[in-house]
Amino acid sequence: MKLSKALSYAFFMISAFASDTWVSYSGPQYVAMSCKAAIENVTTYCPGSKKKKGYGCACKNKAELGSWISCAYQHTSEFDTDVESAIIQFCSKAKKVPTHSSLKKQYKNATSYIVDIDTKAQKPKTTNVPIKGALVNNLYTRYSDSYRSRWGNYRTSHYLGISFLAILAGIMVIAGIFNWLCVISPTVENKSKRGLTKKLVKYITLPATFGKKHIEAWKLGQLPDRFESILLCGIFLYSLFSCAIIGFSYHDGDPVFKKRSAGISRYYGDRTAILASYQFPLLFIFPGRNNIFQLFTRWKYSRFVTLHKWIARIVLLEMLVHAISFSVQSAGLGKTASRLASTYYRYGIVSIILLWLMGATSVFFIRRYSYQVFAFCHIVLAAVFLYAIHYHVNTLEFAPYYWTCIAIWVFDRFIRSLRVLQFGGVRNARVQLINDTTLRITVSSAFGLWRTYPGAHAFIRFLTPGTFWQTHPFTIISYLKEENTIRFYCKVKQGATKRIANFVKAEKGPSRNIWITVDGPYGNQNPYHHYDKAVFISSGNGFPGSYPSVKSLMDTSSKTEIKLYWTIPDYSYIDCFAEELSALKGLPFNPVVYVTHPNNCFPIIDISESVNESSTNSENESKGSAQVRELSTSNEIKKYFDYITFIEGRMDSQQIVERELSNANGTVAFGCCAHARINDTVRAELVKHLKGSDPNFSYFEETQVW
Ligand SMILES: Cc1cc2nc3c(=O)[nH]c(=O)nc-3n(C[C@H](O)[C@H](O)[C@H](O)COP(=O)(O)OP(=O)(O)OC[C@H]3O[C@@H](n4cnc5c(N)ncnc54)[C@H](O)[C@@H]3O)c2cc1C
């Protein structure tokens, strides 16, 4: 029940939260509450009653009810039906619920023998006659101020939380409409590169925040792009002002929070916790692989991960202020010991420690050097945090916010499992280790239901003893020779990829069959076919980020002119991608391959498979080359791949951008999946070319890092 309710919250968060989970008191309700508190502060009508704060005595005891309704009419107007309704509503919590006419009757009855209490000296400890007077009025004012501050702060905090989500949703709606229109209509796409929107692209959506670096990390991590930075600054300032400006000050003589520190700290404590409660579900939606907002906005997954990271940092600070505030408040009320003994308070302390531990284990250094340690700690700590926070808030009104987080998480995992099953569950993949640097994984889906598209990636789980608990994203390439078969090219790094490389080596052969699961496809397909020219720039293992789009443009006979630039450290990379390069033979463009260190390692390239590949895809294949099976010199490579221009030396991406723009006859799309520095150079160079005379272009960054 709770889970299904929370699932619906996940999708209709704003309206559901606004309408259901918190009470907002009306003016007459404040009057009723303050009158009752003032009267019960002056005297006691039910001395034996255990529930002093309850409504039992006030609603059942005729004398107290008489005092209450007299006070309520005095601070509204005689026979005010709204204040009567408020009393009736409060009394619905007690077993005896008065009616409008019974309240009027009680009032008339009370006025005949009501007594005035004007000074403290006149205060009776207990009584059985209705009371009114200066002392009651004075207390009424103080309670009214106190309640209006405390519960008004609640209401304002909820409105601030709702507004936060609404503003973010508004930004995403605008971005979504714009991005989808660009995908659907080339006209919108081209018109969007003129006038004011061109300026927006130049100064806001395209550049790095400062200088050139965006994909390339600074010492402390990656900096978001400029649009993300502006959005995050907005989120930070909104949160800061919402938490810092409470909007009212402490009322001296507050009968609830008698000390100033107890009152002020409570207001800050509530404000920060309530705002954070609205932000928490985003921390679970945004990093989810099946994030509905990603589909809607067409923003990259890495952008949502960036939002997740920075909103999480803001939430950490809010929760710290919440914790400090409540420590101060507990001390101010003299309740530190009793609160420390209570379950909800202890779980609150555990929750904040877990949150900060999560933050500490997510720093850039750990993510970069041991992603799996980070991922493991993050998942375990998040699960324990949700358990602990549930005990902290379940007696309050905030549990649904955290049930929402759980529901989002469970939902994402459920959809992931469905995707894995759609691919066929556990599949036997052929994993080849090429030149000790790259893993080529070939795997087929079990059913014909699974489709991929250019730009898609999938998460692979290698079911070997050292890697079964991790998943890693790799770009998908369709394997042309077999139906329903895909390929991944994975650079061997230091973690799972190295373990798999060693696992393959242990077999003493060039390849090994490994059981894997495939969760995907994910990611956006970019509309290169809308442009007159598409320029693809990639480096090393970034080739799979360009190749499927190139193939797709060719296969769909698009009129788009294609340019492909690929830079590789040495000729060994030709060995990895020989089949894909062979498939480009006969196409009306010359890919350009830069080989930075041509004399480095020189493998013997076995192209027997590639020959078959190209013969199925190209009618122009010469008989001579069909007999070639191995290439062992750069000249042989150049001769065999004679439709490719090989340039030995560094690729100058800046020059490529300039050249492609200067000789463009129409619109240009740049797609980049390369080393971080190349991506950043291309981006920076394009920003420079957003001038009136330059052709219209778009930049699609296929590289993602998180
Ligand atoms: C959308 C996307 C598509 C990718 N496509 C390819 C591809 O086609 N070919 C290719 O060689 N590489 C690709 N990568 C990079 C690839 O995911 C990492 O190289 C791989 O996860 C490294 O595994 P490892 O355990 O050996 O890494 P480690 O040596 O432990 O770490 C190397 C680097 O990879 C990062 N990394 C490690 N695990 C993950 C993970 N689960 N998710 C994200 N980053 C991680 C680390 O932060 C570190 O910076 C892609 C990455 C993304 C985000």
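Author: A disulfide here is a pair of cysteine sulfur atoms within 2.5 Å. This is a predicted model, in which local features need pLDDT of at least 70 and side-chain atom pairs count only at pLDDT 80 or more, while totals for chains, interfaces and linings use all residues. Residues are numbered from 1 along each chain as its sequence is written, and side-chain values use heavy atoms, with hydrogens and water left out.

The structure holds three disulfides. With bonded cysteines counted along the chain, their pattern is 1-5, 2-3, 4-6. Helices, named below, are DSSP runs of H or I with at least four residues, and strands are runs of E with at least two, both numbered from the N terminus.

The angle about its S-S bond is -80°, and the link of C35 and C71 is left-handed. This pair links distant parts of the chain, 36 residues apart: C35 is in helix α3 (residues 27-42) and C71 in helix α5 (residues 62-74). C35 and C71 are both buried; buried means under 20% relative accessible area, exposed means over 50%, and partly exposed lies in between, with a 1.4 Å probe and protein chains only.

Another disulfide is formed by C46 and C57, whose sulfur atoms are 1.9 Å apart. The link of C46 and C57 is right-handed, with 80° about the S-S bond. C46 lies in the loop between α3 and α4 (56-60) and C57 lies in helix α4, so the pair ties together parts that are 11 residues apart in sequence. C46 counts as partly exposed because its relative accessibility is 24%. C57, at 15% relative accessibility, counts as buried.

C59 and C91 also form a disulfide, with sulfur atoms 2.0 Å apart. The torsion about the S-S bond of C59 and C91 is about -90°, so this disulfide is left-handed. The pair links distant parts of the chain, with C59 in helix α4 and C91 in helix α6 (residues 81-91), 32 residues apart. C59 counts as buried at 3% relative accessibility, and C91 counts as buried at 0%.

C243 is buried, with a relative accessible area of 12%. For C672, the closest cysteine sulfur is in C673, 7.5 Å away, which is also too far for a bond. C672 counts as buried at 1% relative accessibility.
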